[in-house]
Amino acid sequence: MVAKPPSSMAASIAVATGDAIIDADHVAFEVLIDEAAAADDARLGAALKRLRRHLVEHFEQEDVMMAETRFPAAGFHRGDHEKVLARIDRAIADNAGGNPRAVRTFLEDELPVWFVGHVATLDAVTVHWARTGVLGF
Ligand SMILES: [Fe+2]
Ligand SMILES: [Fe+2]
């Protein structure tokens, strides 16, 4: 069964940084959010772990880009990555503790909102800096 994607995810498709690899990773992340939101309770834990694994690998790529280009706000950008990973760990714990409803609210509302904001600000500025050496737009 294919679940209807959360409406907030559809909006995120419009967000592009202009870096093909990063943007493809972001689309893959949207798919993983949708899959997790559509997973039944028995599969929710595994879907959350896939989501987390994808993010860890993706954040490592952004770390490399920031290090290679000496991005001035790298610490701030990394801090936001760490915060969302900690939030996903809380969702994993909620699910393991028998509260999948809290996890679904996180997946359908909180995480997509974070994602859209993060990509449109920190990721977009990072890619712009990597290409131009200029902060901002
Ligand atoms: Fe990203
Ligand atoms: Fe990022």
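Leaving aside residues up to four places away in sequence, Phe-29 touches His-54, Leu-55, His-58 and Phe-115. This residue of the predicted model is found in helix H2. Along the chain, Phe-29 and His-58 are 29 residues apart, yet their C-alpha atoms are separated by 9.2 Å. Is Phe-29 to be called exposed, partly exposed or buried? A residue needs 20 or more other C-beta atoms within 10 Å to be buried; because Phe-29 has 19 C-beta neighbours inside 10 Å, it counts as partly exposed.

The protein has five helices and zero strands, and from the N terminus on its elements run α-α-α-α-α. Of its 137 residues, 26% count as buried. Among the contacts with a separation of 6 or more, 71% are accounted for by residues 24 or more positions apart.

Helix H2 itself comes next. It takes in residues 20-38, and these 19 residues should span 27 Å at 1.5 Å a residue; the C-alpha atoms at its ends are 27 Å apart, which agrees. Which residues of H2 are buried? They are Ile-22, His-26, Ile-33, Asp-34, Ala-36 and Ala-37. These residues cover an arc of only 165 degrees around the axis, so they lie on the same side of H2. On the face of H2 turned away from that buried side sit the exposed residues Ala-20, Ile-21, Ala-24, Val-27, Ala-28 and Val-31.

For the pair H3 and H4, the axes lie 10 Å apart and the packing angle is about 170 degrees. With angles over 145 degrees counting as roughly antiparallel, that makes H3 roughly antiparallel to H4. On the H3 side, the contact is made by Leu-44, Gly-45, Leu-48, Lys-49, Leu-51, Arg-52, Leu-55, Phe-59, Asp-63 and Met-66. H4 contributes Ala-74, His-77, Arg-78, His-81, Leu-85, Ile-88, Ala-91, Ile-92, Asn-95 and Ala-96. Leu-55 of H3, one of the residues in this contact, is also among those touched by Phe-29.

The pair H3 and H5 (residues 100-132) packs at an angle of about 10 degrees, with axes 13 Å apart. Angles under 35 degrees count as roughly parallel, and H3 and H5 are therefore roughly parallel to each other. H3 passes H5 in a left-handed crossing. The residues making this contact are Asp-41, Leu-44, Glu-62, Met-65 and Met-66 of H3, together with Pro-100, Val-103, Asp-123, Thr-126 and Ala-130 of H5. Leu-44 and Met-66 take part in this contact with H5 and also in the contact with H4.

How do H4 and H5 run, roughly parallel or roughly antiparallel? Their packing angle is about 170 degrees, with the axes 11 Å apart. That makes H4 roughly antiparallel to H5. Here His-77, Asp-80, Val-84, Ala-91, Asp-94 and Asn-95 in H4 meet Pro-100, Ala-102, Val-103, Phe-106, Trp-114, His-118, Leu-122 and Thr-126 in H5.

H4 has 23 residues and reaches 33 Å from its first C-alpha to its last, close to the 33 Å expected at 1.5 Å a residue. Its buried residues are His-77, Ile-88, Ala-91 and Asn-95, and they pack against H3 and H5.

Arg-70 is placed in the loop between H3 and H4. Most residues other than glycine have a negative phi. Arg-70, although not a glycine, has a positive phi of about 50 degrees. With 10 C-beta neighbours inside 10 Å, Arg-70 counts as exposed. Ala-73 is found in the loop between helix H3 (41-68) and helix H4 (74-96). Ala-73 is partly exposed, with 14 other C-beta atoms within 10 Å. Its C-alpha atom is separated by 9.3 Å from that of Leu-135, a residue 62 positions away along the chain. Beyond the other end of the helix, H4 is followed by Gly-98, whose phi is positive, near 85 degrees.

Key:
Residues are numbered from 1 along each chain as its sequence is written. Chains are lettered from A and ligands numbered from 1 in the order in which they are written. This is a predicted model: local features need pLDDT of at least 70, side-chain atom pairs count only at pLDDT 80 or more; totals for chains, interfaces and linings use all residues. Helices (H or I, at least four residues) and strands (E, at least two) are DSSP runs, numbered from the N terminus. The expected span of a helix is 1.5 Å times one less than its number of residues. A residue is buried if 20 or more other C-beta atoms lie within 10 Å of its own, exposed if 12 or fewer, and partly exposed in between; C-beta atoms are placed from the backbone. The arc is that of the directions from the helix axis to the C-beta atoms. Two residues are in contact if their C-beta atoms, placed from the backbone, lie within 7 Å. Axes are lines fitted to C-alpha atoms, for helices over the stretch in contact, and angles run from 0 to 180 degrees between N-to-C directions. Angles under 35 degrees count as roughly parallel, over 145 as roughly antiparallel, 65 to 115 as roughly perpendicular and the rest as oblique. A crossing is left-handed if the near helix is turned anticlockwise from the far one by less than a right angle, and right-handed if clockwise.
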